[in-house]
Structure formats: C-alpha cells, structure tokens
Amino acid sequence: MKFKKAKLLIEPPHSAMSDIAFILIVFFLVCASVQPDRGRSQIIPKSEEKEEKKEQSENVEVKLSRTAAFVNGEPVSSAMFLPKMQALLSEKTKEADRVVVVKSKGDTPYHHWISITGMIEKAGGIITLQLEEEREVMTD
Amino acid sequence: MAMGDIAFLLLIFFVILARAQDDSHLEWKPAETPDLEQARHAKASIVIDKDNKTYLNGQATGHSQLAGELEELLGNAPVGKRTVLLKVNKDATAVFFEPVIEAVSEAGGDLYHILEQKKDE
C-alpha cells in the first residue's frame, strides 16, 4: 500500500523578516505624515503704540460676528465685502491710513475670520486686531 | 540577522523621539481659502485642536505663557526666519485663536496660517 507523501511547508528565510518589518514601518510613516503644509502668511503689526489710537477713527473698522461682517458699522455681505474694501482703501495712499482695525466677537469662527481678513489683505489693507479687555483676562 | 534588529530598534527610537516634537497626532480641520502658498521652514508650530486646546510644538500650553515660550524658541533669529505655523481648527472661535495671534505678534513671529485649498462648488 502506498501513501501519498504530504508536501512540506517551506519556511521563508528569517533574514527577510526584518526587511519586511522595515518596509512596513516606512510605509506607515509615510501614510501618517501627510499633513497640510500650505496656507497664507499674515503680517500683524505689534499693537503697542498708544499715540496712534487718536488716529484710529480715520482707519477703516471691521467688526465680525458669528456670520456677519460690519464695515464702519454698516453690515456688508460676503460677496460685497471685497469691492467695498477696495473702494475704501483705494483713496488711501499712506501706509498708516491703510490700517484696518478688526474687532471680532468671541463667537466668530476661524473660517469666517480667515475669509474676511483674506479679503482685507487682498484689497491692500494692513490688519490690526483689537481684542476686548475682558477677553484678555479669560483666555487662560 | 542582528543587523536588521538593530536597524529596526534604531528606527523605532528615532520615530518616538521625533513624535515628542510632532503635532501630527492632534486633530484639527483646516479652514478653506482660494489662494495658497507653500509654507517656509518654521521655527514653531501652534495647533488649536477640535477641543479648542492650544499646543506649541505638540505640547499643551496656555495663552498666558505662549508669548514667552515663543520668544524663547525664536531667539535672535533674523526677520524672515521667524516663521510660526498656525494650525487652527476651522470652527474654533475668536476667544481661542485671537490671543494666540496676539502672542505670535508680541513674540515678533512671522505668522503663517495653514489652510486648505477651497473646493469649487
């Protein structure tokens, strides 16, 4: 009586194991490190000069709330914001006059803020932030 | 065989070392904008995650100490080489991101917002 000889399993060479592990780690590292690295630079002047406060009334003032934007107290839609800023800043030749004071309510979301400040910069404005006094205390 | 093991352990060691300074484990969604430019080499990276917590180079920090920590990191680096990356979750509110922007400004950093390309609707 003849029995069929079972085929023996062939073990892979042990030396290849570390190479496989190495390649797997590199693969997962590359997958994990895909992070956004593009964006927009923004120049925010230091807000220390007290003398300039007198002249602030001449500067354009933008107030931001959760969904709306107000230019010098007047509500402006997102579509009309850029033309409005361009019209206001086109007359101003001095750099100091192109300063736009941005005041945001505490609940203004970042995506709204970035969209509005982007349009101010596109129109040639220089952004200065005005933080509310009581907010500076509660930030920590 | 031993060489492969040593290389493997070294790799693990450097990965752990790199992650201590890394902020890739933090969860945040970038805001969208139509015009983007490539970020320069940054001296520091600040993240405001989905829970509105602030991190400097992957380490949790508070608004009050941020300006001092940034000044330390930026040192005497010349203008143009003081880039600070700001990664803010798109739904974070002004209460959380404005003091951070103020701190970067106070420390004399060049602010760079990390954003995402706006998709056409």
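Q: At what angle do helix H2 and helix H3 of chain B pack, and how far apart are their axes?
A: In this predicted model, helix H2 of chain B covers residues 63-74 and helix H3 of chain B covers residues 94-106. Helices here are DSSP runs (H or I, at least four residues), strands are E runs of at least two, and both are numbered from the N terminus. With axes as lines fitted to C-alpha atoms over the stretch in contact, and angles between N-to-C directions running from 0 to 180 degrees, the two helices pack at about 30°, their axes lying 8 Å apart.

Q: Is H2(B) roughly parallel or roughly antiparallel to H3(B)?
A: Angles under 35 degrees count as roughly parallel, over 145 as roughly antiparallel, 65 to 115 as roughly perpendicular, and the rest as oblique. The angle of this pair is about 30°, so H2(B) and H3(B) are roughly parallel.

Q: Which residues of H2(B) make the contact with H3(B)?
A: Contact means heavy atoms within 4.5 Å. H3(B) brings Val95(B), Phe96(B), Pro99(B), Val100(B), Ala103(B), Val104(B) and Glu106(B). From H2(B) come His63(B), Leu66(B), Ala67(B), Leu70(B) and Glu71(B).

Q: How many residues of that contact are nonpolar, polar and charged?
A: Ala, Val, Leu, Ile, Met, Phe, Trp, Tyr, Cys and Pro count as nonpolar, Asp, Glu, Lys and Arg as charged, and the others, Gly among them, as polar. For H2(B) with H3(B), the division is nine nonpolar, one polar and two charged.

Q: How close do the axes of H2(A) and H3(A) come?
A: H2(A) spans residues 78-90, and H3(A) spans 110-122. They cross at roughly 30°, and their axes come within 9 Å.

Q: Which residues of H3(A) touch H2(A)?
A: On the H2(A) side, the contact uses Ser78(A), Phe81(A), Leu82(A), Met85(A) and Leu89(A). By class, the contact has seven nonpolar, one polar and one charged residue. The partners on H3(A) are Ile116(A), Met119(A), Ile120(A) and Lys122(A).

Q: In what order do the elements of chain B run?
A: Chain B has three helices and eight strands. Its C-alpha trace spans about 55 × 45 × 30 Å along the principal axes. From the N terminus on, the order is α-β-β-β-β-β-α-β-α-β-β.

Q: What kind of model is this?
A: Residues are numbered from 1 along each chain as its sequence is written, chains are lettered from A and ligands numbered from 1 in the order written, and side-chain values use heavy atoms, without hydrogens and water. Local features need pLDDT of at least 70, side-chain atom pairs count only at pLDDT 80 or more, and totals for chains, interfaces and linings use all residues, as this is a predicted model.
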